[in-house]
Amino acid sequence: MTQDITPQIPATMRAFAIDRFGELGSLRALPTPTIGAGEMLVRVHAAGVNPIDWKIRDGFKAIEDVRFPLILGQDAAGVVVQVGPQVTRFAVGDEVYGGFWLAGAFAEYVWTSTSAAVALKPSRLDFIHAAALPTPALAALTALEAVALKEGETVLIVGATGGVGSYAVQMAARRGARVIVTARPDAESYIRQLGAAEVIDYTRSDVVAAVKAAHPEGIEAVVDVISDRAALLRMAETLRHGGRLATTVHSADEAALAARDIRATNVDVLGATRGLEEVARLIDTSGVAVPLERTFPLAEAAQALAAIQAGHVRGKIVLMVA
Ligand SMILES: NC(=O)c1ccc[n+]([C@@H]2O[C@H](COP(=O)([O-])OP(=O)(O)OC[C@H]3O[C@@H](n4cnc5c(N)ncnc54)[C@H](OP(=O)(O)O)[C@@H]3O)[C@@H](O)[C@H]2O)c1
């Protein structure tokens with residue numbers, strides 16, 4: 001039986017917030033969120049750090065109607081401590097993880113509507129590893145579904161060594177695909193351990209020329225988390241007729257690629273409501289690993305954001321909240 005621990009919720013909580021776009025942010029005491037009838041409150045134990053967090057901090061153009069102070073952070077794992085009367089999917093005491101889009105995950109408590117991307121935490125993971133999953137693993141899964149990758153096909157993953165790529169490589173290999181990746185030399189053994197079969201050092205080789213030389217007949221799919229519009233059009237030259245391509249950085253010119261008989265998708269998981277149940281199933285049943293580069297305490301969220309903004313991440317950075 002679940003226990004109602006509502007009375008223990010404090011009026012204020014520690015949270016990492018900004019007062020205007022462009023500032024580094026600071027830890028302060030802010031009111032603990034209150035919830036509506038269809039919402040729930042989660043005690044955050046760990047929060048995943050993603051490139052979108054520093055982009056929002058710096059004034060991401062797609063964000064409107066923001067109220068300050070704005071608590072940063074999307075991804076978290078923790079325990080449900082309060083549910084509204086209309087909530088039936090979750091109960092107090094459930095261990096959950098989710099992408100709490102714009103709700104403020106870099107805090108001791110985060111509210112969420114249960115129609116948001118939130119699910120029961122993979123049972124074999126602790127909170128720190130579960131917090132490293134929501135946005136990047138959902139992006140990887142969505143991209144692989146967009147390219148409909150099948151057993152025996154070959155996929156090129158560009159930007160394979162970071163958050164999204166580390167999951168995409170593992171999920172693609174588990175589908176029985178041959179995985180080609182881009183990686184710096186220092187990351188080669190890391191990415192081979194995750195399932196890459198061919199590694200192209202993008203700092204020394206032309207990626208398109210290298211793939212074409214090894215696969216003159218063309219490959220079936222490209223998943224790209226890096227290339228801008230022009231670079232992506234060129235990356236698509238690696239594909240055979242009828243090839244599929246997905247990008248997480250909104251750089252696919254879908255019409256231009258369709259004219260070349262390539263089906264392209266601009267993946268967007270922001271505000272996603274489904275998929276984390278499938279991610280949890282993959283983690284619990286197929287052995288997909290959660291590679292952590294580093295953890296920081298919540299008080300050092302500014303340093304964690306600087307680290308992910310500086311690039312060269314291998315896997316994920318996570319904040320330990322409590
Ligand atoms: N649309 C969506 O819903 C969605 C969801 C998730 C993520 N995203 C976006 O997708 C992008 C990637 O996210 P992430 O979490 O994977 O970022 P990340 O953790 O920073 O990983 C990026 C990786 O790419 C490598 N890299 C950098 N430049 C490269 C290049 N020119 N060629 C090949 N590899 C390169 C980096 O390592 P080295 O520099 O050391 O090579 C790093 O390992 C971000 O822009 C993020 O905002 C979008």
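I take helices (H or I, at least four residues) and strands (E, at least two) as DSSP runs, numbered from the N terminus. The model is predicted, so I kept local features only at pLDDT of at least 70 and side-chain atom pairs only at pLDDT 80 or more, while totals for chains, interfaces and linings use all residues. Residues are numbered from 1 along each chain as its sequence is written, and side-chain values use heavy atoms, with hydrogens and water left out.

Backbone entries.
I located Pro69 in the loop between helix 1 and strand 4 (70–71). I then turned to His250, in the loop between strand 13 (239–247) and helix 8 (254–258). His250 is not a glycine, yet its phi is positive, about 55°.

Ligand entries.
I found 24 residues around the ligand, counting a residue when one of its heavy atoms lies within 4 Å. Thr161, Tyr202, Val269, His312 and Val313 come nearest. Helix 1 (51–57), helix 3 (134–146) and helix 4 (163–174) each give the shell at least two residues. Both domain 1 (3–133 + 290–320) and domain 2 (136–266) contribute to the shell, so the ligand lies between them; the bounds come from an automatic or database domain assignment.

I looked up polar contacts, which are pairs of N or O atoms within 3.5 Å. A polar side-chain atom of Tyr202 lies 2.6 Å from a ligand oxygen, and one of Thr161 lies 2.8 Å from a ligand oxygen. From Val267, a backbone N or O atom lies 2.9 Å from a ligand nitrogen. The ligand taken alone exposes 920 Å², of which the protein buries 86%, by the Shrake-Rupley method with a 1.4 Å probe.

Conventions
Polar contact = N/O pair within 3.5 Å; in protein donor to acceptor, adjacent residues only side chain to side chain.
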